[in-house]
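User: I have a model open and would like to learn how to read its features. Could you walk me through it?

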Amino acid sequence: MTGCDKTPETVDDTASDTSETVVSESEAAPSETNAQNDLIMTTITLDTVNGLLFAPIINSGALSEEQVSCLESRDKDLGKAEVDRFYKSQFTDAELKELDDFYMSDVGKKLLAFGNEQLRVMNGEEVATPMADPTPEEMTEIQTFMDHHWVPNI
């Protein structure tokens with residue numbers, strides 16, 4: 001498995017906790033050295049892959065201890081450069097700044113958490129306490145953002 005560090009000391013026991021919001025990494029302040037190079041969209045993408053792809057596999061009970069250890073100790077940033085290149089090729093710096101601003105806002109974080117919850121439910125995972133639907137004000141903010149960024153101008 002690519003990205004697997006077989007050193008037992010590097011196993012991250014928190015990687016298998018699927019009750020954690022997938023976007024938790026993006027909520028943390030980036031380190032000073034990486035702050036200018038980190039794209040929020042890349043962080044969101046990697047968090048989603050790690051939380052919605054790897055966590056269910058790790059927790060499935062279908063893997064051996066060695067396989068679980070390998071997946072838990074993998075480089076969580078594997079593919080970061082490729083994802084960064086993709087987003088930088090699709091969006092201007094100004095658009096990436098707008099995306100960062102929205103997804104770092106309270107409403108943006110809630111939209112991501114809600115979307116990730118819906119993906120978990122679609123994958124057959126039970127959610128003990130489902131998130132509340134967005135308020136009318138939040139829906140207006142989300143709709144304004146989506147209209148501005150995702151609906152093609154005709």
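Predicted model: local features only at pLDDT ≥ 70, side-chain atom pairs only at ≥ 80, totals over all residues.

User: Which elements does the protein chain have, from the N terminus on?

Analyst: Start by listing the elements in order. Here they run α-α-α-α-α-α-α, with seven helices and zero strands. Buried residues account for 29% of the 154 residues in the protein chain. Of the contacts between residues at least 6 apart in sequence, 73% join residues at least 24 apart.

User: How are helix H2 and helix H3 arranged, roughly parallel or roughly antiparallel?

Analyst: Look at the angle between their N-to-C directions; over 145 degrees counts as roughly antiparallel. The axes of H2 (residues 40-58) and H3 (residues 65-72) cross at roughly 155° and come within 10 Å. The two helices are therefore roughly antiparallel to each other, and their crossing is left-handed.

User: Which residues of H2 meet H3?

Analyst: To read a contact, list both sides and then sort by class. Phe-54, Ile-57 and Ile-58 of H2 meet Val-68, Leu-71 and Glu-72 of H3. That contact has five nonpolar residues, one charged and no polar.

User: What span does H6 reach from its first C-alpha to its last?

Analyst: Compare the span with the expected one. H6 (residues 106-122) has 17 residues and reaches 24 Å, close to the 24 Å expected at 1.5 Å a residue.

User: Which residues in H6 are buried?

Analyst: They are Val-107, Gly-108, Leu-112, Ala-113, Asn-116, Glu-117 and Arg-120. After H6 comes Gly-124, with a positive phi near 90°.

Methods
Residues numbered from 1 in each chain as written. Heavy atoms only, no water. Helix = DSSP H or I, 4+ residues; strand = E, 2+ residues; numbered from the N terminus. Expected span 1.5 Å × (residues − 1). Buried < 20%, exposed > 50% of the residue type's maximum accessible area, 1.4 Å probe, protein only. Axes fitted to C-alpha atoms, helices over the stretch in contact; angles between N-to-C directions. Parallel < 35°, antiparallel > 145°, perpendicular 65-115°, else oblique. Left-handed = near helix turned anticlockwise from the far one by under 90°. Contact = heavy atoms within 4.5 Å. Nonpolar A, V, L, I, M, F, W, Y, C, P; charged D, E, K, R; others polar.
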